[in-house]
Amino acid sequence: MAYRCNALLCTCTMCVSVGALNIKSKLEEEIKRFNLEDEVQIILTGSSWLCTRGPTLIVQPDDVVYQFLKEEDIPNLVEEHFLKGRPVHSLMYHHPEDLHPIERLQDIPFYHDQRLIALWNRGIIDPDEIDEYIARDGYKALVKVLQNMTPEDVIQEIKDSGLRGRGGGGFPTGLKWDFCRKNPGSPKYLICNADEGDPGAFMDRSIIEADPHSLIEGMLIAAYAIGAEKGYVYVRSEYPLAIKRLDGAIIKAREYGLLGKGVFGSDFNFDMEIFRGAGAFVCGEETSLIHSIEGEPAEPRQRPPFPVEKGLWGNPTNINNVETLSCLPRIINFGAKWFASIGTEKSKGTKVFSLAGKINNAGLVEVPMGITLREMVFKIGGGIPNRKKFKAVQTGGPSGGVIPESMLDLPIDYERLQEAGAIMGSGGMIVMDEDDCMVDIARYFIEFTRDESCGKCSSCREGLDAMYEILTNICKGNGKEGDIEFLEELGEATINASMCGLGKSAPNPVLTSIRHFRDEYVAHIRDKKCPAKSCVDLIEYSVDQEKCTGCFICNVNCPTNAIIGEKKKPQTIDKSKCIKCTVCLELCRFDAIKVG
Amino acid sequence: MSKLKPEDLAIITERIKRTMILREGTGRAIIRVHMGTCGIAAGARTIMNTLMNEIESRNIKDIILTTSSCAGLCSREPMITVEVQNQPPVKYVDLTPEKTKIIFDKHILSGEIVKEYALAFGSERVP
């Protein structure tokens with residue numbers, strides 16, 4: 001039976017957590033009530049779009065998109081749209097400025113500038129249906145590789161495409177494969193690094209949840225090129241849905257003979273399994289990851305020898321990131337030249353970012369390399385909520401750095417971000433507004449890396465600890481002259497003396513925030529003031545005696561009874577009792593509560 | 001399912017082509033059945049079923065059938081709008097299952113507009 005309408009419901013981790021599955025049962029119930037079971041089909045897809053606006057539903061062929069769905073919206077939606085063909089405007093995405101509903105998915109600015117290569121199938125196929133993947137040119141690249149190309153041809157094609165590792169380092173993928181292939185050791189291994197640990201990053205998870213077969217096909221192509229017969233996907237246990245979908249996809253691929261002995265009837269053998277990591281941040285570092293698979297404590301070791309020479313169980317091992325591998329089918333299908341025509345001189349293709357923080361359209365974004373941060377934040381991201389002022393963007397998570405407003409026109413590619421002191425990283429992008437204190441943000445990231453440091457190198461273990469202590473003191477108003485210089489010195493030392501990427505990049509948030517926001521550090525230390533009014537120890541609440549009408553709302557609601565005064569007369573705050581909980585600030589309708 | 005051979009990919013693709021065309025919205029023609037309250041009362045559901053049967057029985061894969069709301073001419077319902085790729089849309093009025101079948105044969109499959117049932121060419125202008 002053919003359906004006339006497909007309702008594509010996003011069931012990524014985030015949408016499920018806000019009730020996508022309840023929406024699904026409600027949809028089924030209502031569709032049945034109107035006898036539309038034979039006409040409307042519900043498809044559960046992976047992450048499809050604006051992740052903070054879930055649960056979302058895309059209706060095809062009308063290309064209409066609905067957001068923030070609630071169960072009580074569904075009866076009306078089914079009757080109006082599915083039965084009567086009238087899309088429901090109140091549930092659509094509204095333009096952030098003129099608040100006009102936007103009907104078609106493609107007209108939403110968030111989508112307009114995106115170009116999908118790694119996310120080719122996002123939100124359009126059911127990740128559990130291998131046939132739908134095949135219908136979107138799936139496994140065609142694998143056939144091409146097996147029938148018409150030698151492993152050397154594949155390596156040359158990837159070299160020509162200019163693809164670089166999407167996990168953060170940006171090492172040319174073709175070159176890495178070449179090293180691994182030419183190494184005489186045997187057997188060789190292929191590992192997919194899906195240990196995504198940056199706070200606020202969810203690219204790898206979304207790719208696996210939305211399109212697990214792209215990853216499997218990419219791994220098959222990579223394994224053929226380097227000559228591996230066994231592959232591992234290292235996923236953290238915090239990603240149960242990704243693991244479930246990938247597991248199901250591997251089983252289907254085996255049934256179809258796409259994994260196992262004699263892939264597609266050729267003499268190429270490859271099989272893969274999922275390795276569930278316990279979620280340590282350091283396992284994103286390749287030598288720690290290898291130790292973890294071997295059953296050893298997850299600690300890095302000195303490189304060289306690099307994993308391509310001496311990796312898993314001492315054998316040549318090629319490690320690629322999820323996104324790198326997921327681009328491969330498209331590069332093979334459309335050619336290296338096509339891929340190399342996208343992006344900048346040294347950074348080719350597209351990059352997936354997870355846009356998070358103080359931004360209207362938080363979500364998963366795939367854009368050509370070389371797009372500016374300004375376009376990213378204001379065009380695709382839709383600007384800052386609540387008319388606040390943009391302050392900075394943190395790229396690359398806790399290993400990256402902050403980029404201030406003055407550098408917003410910076411094109412995003414590996415080299416330019418490095419020059420600015422940040423890194424591409426795996427693609428996390430956290431936007432901060434005027435209410436965010438840069439010292440506090442730096443303290444947050446150092447707290448994270450300090451917790452996650454494996455402790456092997458004393459520079460990382462002790463250095464980050466010392467930096468955390470100093471930053472905490474500054475935020476509490478106990479900073480002293482010389483702290484900034486000491487932080488810089490400690491940061492440099494930690495970078496120089498640590499062995500793996502964790503220690504080598506962990507001081508970046510501190511160093512870049514000092515570089516671009518030194519005056520904020522100075523204000524904390526010298527004036528004991530927090531310019532963003534975020535550090536609670538450095539701010540005081542008071543009542544503007546002229547604006548206060550004595551409406552008493554703050555007085556009644558103050559949890560510590562710190563507000564004193566008579567009704568209809570200006571109030572005052574007893575600073576010894578005030579805990580700066582912001583209750584009065586939020587309740588006051590006369591803008592009379594002053595923070596400073 | 002047995003092990004795939006390379007040529008099986010094309011067979012699978014063909015088998016679910018209709019679903020994918022629907023999802024990508026790239027059909028050869030789009031038929032919109034106007035299903036406002038007026039349309040439903042005048043029998044748009046029968047027209048919809050007729051069209052679905054035609055598509056199903058002839059195993060056509062690249063035509064999109066969808067609903068739309070009231071077209072503003074409630075007295076002439078049931079109505080459909082037929083939009084063959086690269087041609088202006090055509091509105092048909094006062095439909096019956098028989099008329100619908102003729103339109104399906106002539107216009108949608110052969111590209112020949114059925115003038116006697118047509119109301120007008122084009123859609124209303126939108127700002």
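1. Contact between the chains. In this predicted model, 26 residues of chain B are in contact with 28 residues of chain A. On the chain B side, the elements giving two or more residues are helix 1 (8-15), helix 2 (17-24), helix 4 (44-57) and strand 2 (63-68). By type, the chain B residues that touch chain A divide into 13 nonpolar, seven polar and six charged.

2. Chain B itself. Chain B has five helices and five strands. Their order along the sequence is α-α-β-α-α-β-β-β-α-β. The C-alpha trace of chain B spans about 55 × 30 × 25 Å along its principal axes. Chain B holds 127 residues, of which 36% count as buried. Take the contacts in chain B between residues at least 6 apart in sequence: 66% of them join residues at least 24 apart.

3. Domains of chain A. The assignment divides chain A into domain 1 (5-106), domain 2 (130-340), domain 3 (350-433), domain 4 (438-526) and domain 5 (540-595). The C-alpha centres of domain 1 and domain 4 of chain A lie 46 Å apart.

4. The five-stranded sheet. In chain A, five strands form an open sheet with the order 12-11-15-13-14 and mixed pairing. Which strands stand at the edges? They are strand 12 (363-368) and strand 14 (401-404) of chain A. Each has a single partner strand, so one side of each is left without a neighbour in the sheet. On average, neighbouring strands of this sheet are turned by 30 degrees against each other, direction ignored.

5. Strand 11 and its partners. Strand 11 (residues 350-357) of chain A runs antiparallel to strand 12 of chain A, and six bridges join the two. A hairpin through five residues connects strand 11 to strand 12 of chain A. One bridge pair is S354(A) with L364(A) in strand 12 of chain A. With strand 15 (residues 428-433) of chain A, strand 11 of chain A runs parallel, joined by four bridges. There, G357(A) stands opposite V431(A) of strand 15 of chain A. As background, strands of a sheet pair through backbone hydrogen bonds, either parallel or antiparallel.

6. Burial of strand 11. Is strand 11 of chain A largely enclosed or left open? Eight of its eight residues are buried, so strand 11 of chain A is largely enclosed by the rest of the structure.

7. Helix 21 over the sheet. Helix 21 (residues 508-526) of chain A lies across strand 13 (390-395) and strand 14 of chain A. Helix 21 runs at about 20 degrees to strand 14 of chain A.

8. Helix 21 against helix 18. Helix 21 of chain A also meets helix 18 (residues 458-475) of chain A. Their axes come within 11 Å and cross at roughly 40 degrees. Helix 18 of chain A contributes M467(A), I474(A) and C475(A) to the contact, and helix 21 of chain A contributes V510(A), Y521(A), H524(A) and I525(A). These contact residues divide into six nonpolar, one polar and no charged.

9. The largest nonpolar core. The largest nonpolar core has 202 residues. Which residues touch the most other members? They are M219(A), I221(A) and A222(A). Helix 10 (residues 212-226) of chain A gives the most to this core, with 10 residues. Not counting residues up to four places away in sequence, M219(A) touches L190(A), C192(A), G231(A), M272(A) and L325(A). A second, separate core has 10 residues, including V543(A), C554(A), I563(A) and A592(A). In general, nonpolar side chains tend to be buried together in soluble globular proteins.

10. V154(A) lies in helix 7 (residues 151-161) of chain A. Why does V154(A) count as buried? There are 24 C-beta neighbours inside 10 Å of V154(A), so the residue counts as buried. Leaving aside neighbours within four places in sequence, V154(A) is in contact with V145(A), M149(A), I221(A), Y224(A) and A225(A). Of these, I221(A) is also one of the residues that touch the most other members of the largest nonpolar core. V154(A) and E488(A) are 334 residues apart in sequence, and their C-alpha atoms are 45 Å apart in space.

Terms used
Residues numbered from 1 in each chain as written. Chains lettered and ligands numbered in written order. Predicted model: local features only at pLDDT ≥ 70, side-chain atom pairs only at ≥ 80, totals over all residues. Pairing = 2+ DSSP bridges. Axes fitted to C-alpha atoms, helices over the stretch in contact; angles between N-to-C directions. Contact = placed C-beta atoms within 7 Å. Buried ≥ 20, exposed ≤ 12 C-beta atoms within 10 Å, placed from the backbone. Domains from an automatic or database assignment. Nonpolar A, V, L, I, M, F, W, Y, C, P; charged D, E, K, R; others polar. Core = buried A, V, L, I, M, F, W, Y, C linked by C-beta atoms within 7 Å.
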